[in-house]
Amino acid sequence: MLAKEQELIDLIQPIVEGLGFVYWGLEYVGQGKYTTLSVYIDSPNGIDVENCAEVSRQISAMMDVEDPITAEYTLEVSSPGVDRLLFTVDQYEQYIGEKVQVKLRAPFDGRRNFKGQLKGVEDGDAVVQVDQEEFLLPIDLIDRAQIIPTFK
């Protein structure tokens, strides 16, 4: 995890949880002069637009004071959705058995992209079965892991 991401988590997570929501994770993406900070919140009762607006106002106020991102940026606050991203070991464990799409920061076994079933978590590795082969993917090397929703 990048130091900037950890700094943002340390600032944002207490705000989200202080408002009574579950902090799910964040993405900090800078591409050229465009930077986006996406914050994902959850709740046992679900998330609506007003919840996102409330959290956005509080985060914006803190960002104005703390100024952790000095460049221009866009703040997005939303629910993780059905195709939610996975950020923590606990989240990976919660979704064992689901189909996932995983992108690594660097190639592993000659590839960076894996699409298959999340079979488990072992010693900080996500166990992903692709076709008939299982891969142990180090969670700390995963750039992005996302649930692939299946509708029955």
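Student: Which residues does Leu 86 touch, not counting residues up to four places away in sequence?

Tutor: This is a predicted model: local features need pLDDT of at least 70, side-chain atom pairs count only at pLDDT 80 or more, and totals for chains, interfaces and linings use all residues. Numbering starts from 1 along each chain as its sequence is written, and side-chain values use heavy atoms, leaving out hydrogens and water. With contact meaning heavy atoms within 4.5 Å, Leu 86 touches Trp 24, Gln 91, Tyr 92, Tyr 95, Val 100, Leu 118, Ala 145 and Ile 147.

Student: How many residues does the largest nonpolar core have?

Tutor: Such a core joins buried (under 20% relative accessible area, 1.4 Å probe, protein chains only) Ala, Val, Leu, Ile, Met, Phe, Trp, Tyr and Cys residues through side-chain atoms within 4.5 Å. Leu 86, Tyr 92 and Val 102 are among those with the most contacts inside the largest core, which has 20 residues.

Student: How many residues are in the second, separate core?

Tutor: Leu 8, Ile 15, Leu 37 and Cys 52 are included in this second core. Its count is 19 residues.

Student: Which are the edge strands of the open sheet?

Tutor: The sheet has 3 strands in the order β1-β2-β3, with mixed pairing. β2 (residues 34-42) and β3 run parallel, joined by 5 bridges. Pairing on one side only marks the edge strands, β1 (22-31) and β3 (74-78).

Student: Which strands does helix α1 touch?

Tutor: Helix α1 (residues 3-18) packs on the sheet, its direction making about 145 degrees with that of β1. The strands touched are β1 and β2.

Key:
Buried < 20%, exposed > 50% of the residue type's maximum accessible area, 1.4 Å probe, protein only. Pairing = 2+ DSSP bridges. Helix = DSSP H or I, 4+ residues; strand = E, 2+ residues; numbered from the N terminus. Axes fitted to C-alpha atoms, helices over the stretch in contact; angles between N-to-C directions.
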